[in-house]
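I opened the model to look up two things. I wanted the build of one chain, and then the way the two chains meet.

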2 protein chains.
Amino acid sequence: MNKRAVILLSGGLDSATVLAMARQRQYDCYALSFAYGQRHGSELDAARRVAQALAVCEHRIVHLDLAAFGGSALTDLAIPVPEAPGKGIPVTYVPARNTIFLAMALGWAEVLGAQDIFIGVNAVDYSGYPDCRPDYIAAFQHMANLATRAAVEGRSMTIHTPLMTLGKAAIIEEGLRLGVDYRLTVSCYQADEQGRACGVCDSCRLRREGFAAAGVADQTYYRVSA
Amino acid sequence: MNKRAVILLSGGLDSATVLAMARQRQYDCYALSFAYGQRHGSELDAARRVAQALAVCEHRIVHLDLAAFGGSALTDLAIPVPEAPGKGIPVTYVPARNTIFLAMALGWAEVLGAQDIFIGVNAVDYSGYPDCRPDYIAAFQHMANLATRAAVEGRSMTIHTPLMTLGKAAIIEEGLRLGVDYRLTVSCYQADEQGRACGVCDSCRLRREGFAAAGVADQTYYRVSA
């Protein structure tokens, strides 16, 4: 029997690649997505398509009302998504999002008897979010290994971040090698209901540049072309 | 202007005391409770009563479907609540619960500009849950201070556990001194809809013993008397 792993799956390019990498490593994959009040709801449709295409054992979409707290352009329609990179941590940062997502993954992993969680954070071509850095992930793993019955009983948890040191182009190359169909994914922070990307937000910019750098045709439909 | 704090408020005896202690320390208190699929739903009614009695600035009840993951007698009706203390971590343990609650508190605190979170964990008269221990709390705080924009910008977060080293009797004495009305609280894991306690679960046992040890009349209605 293969080992089980929980994969945080957003529906974007990075997490789809991570899921393919976890499969490649022979894990039985349990995908976890969140309906957290994000403005880009078509992201969840993408997560469903990716989970199906990569044949996960189970895909859970958990409702989580982060919009109730506000404080981010991704959950608060009153804060516009910026169309050019700014300085510092952008307004698309969602307070404590990865901590909340990883905490939920930890709970599900414990119930599943899984000792492995995969998350597609990246410290190279990323948007400057604090909860994507290696120090943060190491601290979460340390905390997780004090938090659970599983840990107390000797079954420790590993947080895998296979994209951490890869540039966007390298991520795309790896995903294509593993058969990921990136047409199924949605990266845009303000994709429309059909999943069509705006073409101008930071996430679109990173995606475009990644395909260009990889020398691969970008089949994404952008409402505003480059 | 007072500093703001987020207080995790379950509706039980411990968190009501913590809220009174945070008020005593001159914080503006923002209470956070979770409808997480717990079988003791009257706990949330108790949280509402306590939040009102102690005049919090705001009380949020966030829906969080931990029952979807299962794995605990508190969220899975198929697992009975034990009526006698067992060995090791009991089946009332909810996988990663405090990690999930603290992660949500961290998100709200960041939006509120709060640098203080209060949680009523206790390492003395407690049920043996791993996520109530001092090492765990220290590790969470360390992780939190790498996780957020606030931390990156120099506004660090402190996780306060003012009950950590107090026995149940000392907690009750402190609460009474601060004017907590414990008749408003519900500790029982399987309280009925009117909030009446079973009198036999581990949480009822700890509560009874606490009042007895404090030499204070226990005005809790127990369906099964001692």
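I call a residue buried if 20 or more other C-beta atoms, placed from the backbone, lie within 10 Å of its own, exposed if 12 or fewer, and partly exposed in between. By that rule, 54% of the 226 residues in chain A are buried.

This is a predicted model, in which local features need pLDDT of at least 70, side-chain atom pairs count only at pLDDT 80 or more, and totals for chains, interfaces and linings use all residues. Residues are numbered from 1 along each chain as its sequence is written, while chains are lettered from A and ligands numbered from 1 in the order in which they are written.

Next I looked up the secondary structure, as DSSP runs numbered from the N terminus (helices: H or I, at least four residues; strands: E, at least two). Chain A has seven helices and five strands. Their order along the sequence is β-α-β-α-β-α-β-α-α-β-α-α.

Last, I checked helix H3 (residues 97-112) of chain A against helix H3 (residues 97-112) of chain B. Their axes, lines fitted to C-alpha atoms over the stretch in contact, come within 9 Å and cross at roughly 170°, with angles running from 0 to 180 degrees between N-to-C directions. H3(A) and H3(B) are therefore roughly antiparallel (over 145 degrees; under 35 is roughly parallel, 65 to 115 roughly perpendicular, the rest oblique).
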